[in-house]
Amino acid sequence: MAKISKERKTTYYIGIGMMGIGFILFISVFFSAARFMNDPFVGGGPSFSNAVIGMVFMIAGSVVMNIGAKGTAGSGLLLDPDKAREDLKPFSEAKGGMINDVISNIDAIDQITNSKEAKEVIKVRCRSCGSLNDEDARFCKTCGKEL
Ligand SMILES: [Zn+2]
């Protein structure tokens, strides 16, 4: 079972941290705007740049998070299909597990249906010896008489 490396997990958490900082910066603009009663988008000033920095942080954070989760190739940063497959291995294996579960469920259903069919097989009793033969048999398997 492939695991996501420690470095990638760290990158993922850094990404979350960056998004958090960005979000706080972005939101703080609206609080300070309410406090000073000026429009941050028209008036410019430090609160407006905080919003931009906040947004940049959030976007960069989400990218870093994505790289951490899927790897450089898996997130599309590196154009290397082989590396991408390797990076996304933990995800495809999880998906494969789900598909296997579905297949085993289908197998179980198949077994139920088959056993039901087995019960419904019609037997034909031979008129001369009384032994049971398959429905489609032309001659009795015990005495050889025609059915
Ligand atoms: Zn018979």
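## The salt bridge of K123

In this predicted model, K123 is partly exposed, with a relative accessible area of 42%. The side chain of K123 meets that of D134 in a salt bridge, with a distance of 2.9 Å from N to O.

Side chains of opposite charge can pair when their charged atoms come close. The pair of K123 and D134 counts as a salt bridge because its nitrogen and oxygen, 2.9 Å apart, lie within the limit of 4 Å. The count for the structure comes to 1 salt bridge.

## The zinc site

Which residues coordinate the zinc ion? The donors are the SG atoms of C126, C129, C140 and C143, at 2.2 to 2.4 Å. Along the sequence, these donor residues follow the spacing C-x2-C-x10-C-x2-C. C126 and C143 link distant parts of the chain: C126 lies in the loop between strand 1 (123–125) and strand 2 (132–134), while C143 lies in the segment after strand 2, 17 residues away.

The angles among the 4 donor atoms run from 102 to 120°. The site is therefore tetrahedral, because four donors receive that name if all angles lie between 85 and 135 degrees. The accessibility of two of the donor residues can be set side by side. C126 is buried, with a relative accessible area of 5%, whereas C143 is partly exposed at 38%.

## S131 in the loop

S131 is found in the loop between strand 1 and strand 2. Is S131 buried or exposed? Its relative accessible area is 18%, and S131 is therefore buried, as the limit for that class is under 20%.

Apart from its neighbours within four places in sequence, S131 is in contact with V124, R125, C126, C140 and T142. Among these contacts of S131 are C126 and C140, which are also donors to the zinc ion.

## F57 and helix 3

F57 has its place in helix 3, which covers residues 45–74. With a relative accessible area of 31%, F57 is partly exposed.

Leaving out neighbours within four places in sequence, F57 is in contact with M18, M19, I21, G22 and L25. One of these residues, I21, is 36 residues from F57 in sequence, and the two C-alpha atoms are 7.0 Å apart in space.

## An aromatic pair

The structure holds 1 aromatic pair. The pair consists of Y12 and Y13, whose ring centres are 5.8 Å apart. Their planes stand at 70°, so the arrangement is edge-to-face, because angles over 60 degrees fall in that class.

The two residues fall in separate accessibility classes. Y12 is partly exposed, with a relative accessible area of 30%, while Y13 is exposed at 56%.

## The protein as a whole

The protein contains 5 helices and 2 strands. Along the sequence, their pattern is α-α-α-α-α-β-β.

Of the 147 residues, 17% count as buried. The protein exposes about 10900 Å², of which carbon and sulfur atoms supply 64%. Among contacts between residues at least 6 apart in sequence, 43% join residues at least 24 apart.

Technical notes:
Residues numbered from 1 in each chain as written. Predicted model: local features only at pLDDT ≥ 70, side-chain atom pairs only at ≥ 80, totals over all residues. Heavy atoms only, no water. Donors = N, O, S within 2.8 Å, 3.2 Å for Na, K, Ca; no water. Tetrahedral: all angles 85-135°; square planar, octahedral: opposite > 155°, others 65-115°. Helix = DSSP H or I, 4+ residues; strand = E, 2+ residues; numbered from the N terminus. Buried < 20%, exposed > 50% of the residue type's maximum accessible area, 1.4 Å probe, protein only. Phe/Tyr/Trp six-rings, centres within 6.5 Å; stacked < 30°, edge-to-face > 60°. Contact = heavy atoms within 4.5 Å. Areas by Shrake-Rupley, 256 points an atom, 1.4 Å probe, with all protein chains shown as cover.
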